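Please consult the sequence and the structure shown below while reading.

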Amino acid sequence: MPNTARWAATLTLAATAVCGPLGGSALATPAPAPALAPASYLYAPSALVLTTGHGQSADAATPERAVTLNCAPTASGTHPAAVQACAELRGVGGDFDALSVRDGVLCTKQFDPVVVTVAGVWQGKRVTYERTFANECVKNSYGTTVFTF
C-alpha cells in the first residue's frame, strides 16, 4: 500500500475513534429551531444625549451637564426622570419645539441665558436640536421633565 493511502487510512481510523463516541444519539436528534424574535424586539432606536450650559449658543457655551435618554425599547438612561421624559416626547412625536410652557409657572425676567442641545436618534431618525432660554427657570418650565435635569 503506498504511503499516502496508509496515512489516509490512519487518519480516517483516528478520526472515527476520536469523534465516533461524540456522534451517536446526539447527532440523531435535530437541535430545536431557534425561536423567532417577538415583535417587541423590533423597534426603531431612540437614544438621545441632552446637554445644558450657560451662554447664548452651543458654540459659546461650555456644557455644564449632560444626560442620556433612551426611549426604546424601554425608558432608561441617566436622565433623572427618563420614563416621564420619554412619555412626554412620545406625546409630541419627538418634536422638541412642540413642548409647551407649563401652566402656572412664574419666572423672573433675569437674563442669564441657558442653552440646551439634543443629539442622537429618535425613532430611527437622526436628531439635532438647540434652544436658548432666557434663564434656568424658563428652561425648566418647558414641558414637564424633558429639559429638567
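## Disulfide pattern

Counting bonded cysteines along the chain, the disulfides of the protein follow the pattern 1-2, 3-4. The structure holds 2 disulfides, a disulfide being a pair of cysteine sulfur atoms within 2.5 Å.

## Basis of the description

This is a predicted model, in which local features need pLDDT of at least 70 and side-chain atom pairs count only at pLDDT 80 or more, while totals for chains, interfaces and linings use all residues. Residues are numbered from 1 along each chain as its sequence is written, and side-chain values use heavy atoms, with hydrogens and water left out.

## The sheet

An open sheet is formed by 4 strands in the order β2-β1-β3-β4, with antiparallel pairing. Helices (H or I, at least four residues) and strands (E, at least two) are DSSP runs, numbered from the N terminus, and two strands pair if DSSP finds at least two bridges between them.

Strand β3 (residues 114-122) is joined to β4 by 9 bridges, and the two run antiparallel. Val115 stands opposite Thr132 in β4.

## The helix across the sheet

Helix α2 (residues 82-91) lies across β1 (46-54), β2 and β3, and runs at about 65 degrees to β2. Axes are lines fitted to C-alpha atoms, for helices over the stretch in contact (heavy atoms within 4.5 Å); angles run from 0 to 180 degrees between N-to-C directions.

## The two disulfides in detail

Cys71 is joined to Cys86 by a disulfide (S to S 2.0 Å). Cys71 lies in strand β2 and Cys86 in helix α2, so the pair ties together parts that are 15 residues apart in sequence. The torsion about their S-S bond is about -85 degrees, so the disulfide is left-handed. Both Cys71 and Cys86 are buried, that is, under 20% relative accessible area with a 1.4 Å probe and protein chains only; exposed means over 50%, and partly exposed lies in between.

A disulfide also joins Cys107 to Cys137 (S to S 2.0 Å). Cys107 lies in the loop between α2 and β3 and Cys137 in helix α3 (residues 136-141), so this pair ties together parts that are 30 residues apart in sequence. The link of Cys107 and Cys137 is left-handed, with -75 degrees about the S-S bond. Cys107 counts as partly exposed at 30% relative accessibility, and Cys137 is partly exposed with a relative accessible area of 30%.
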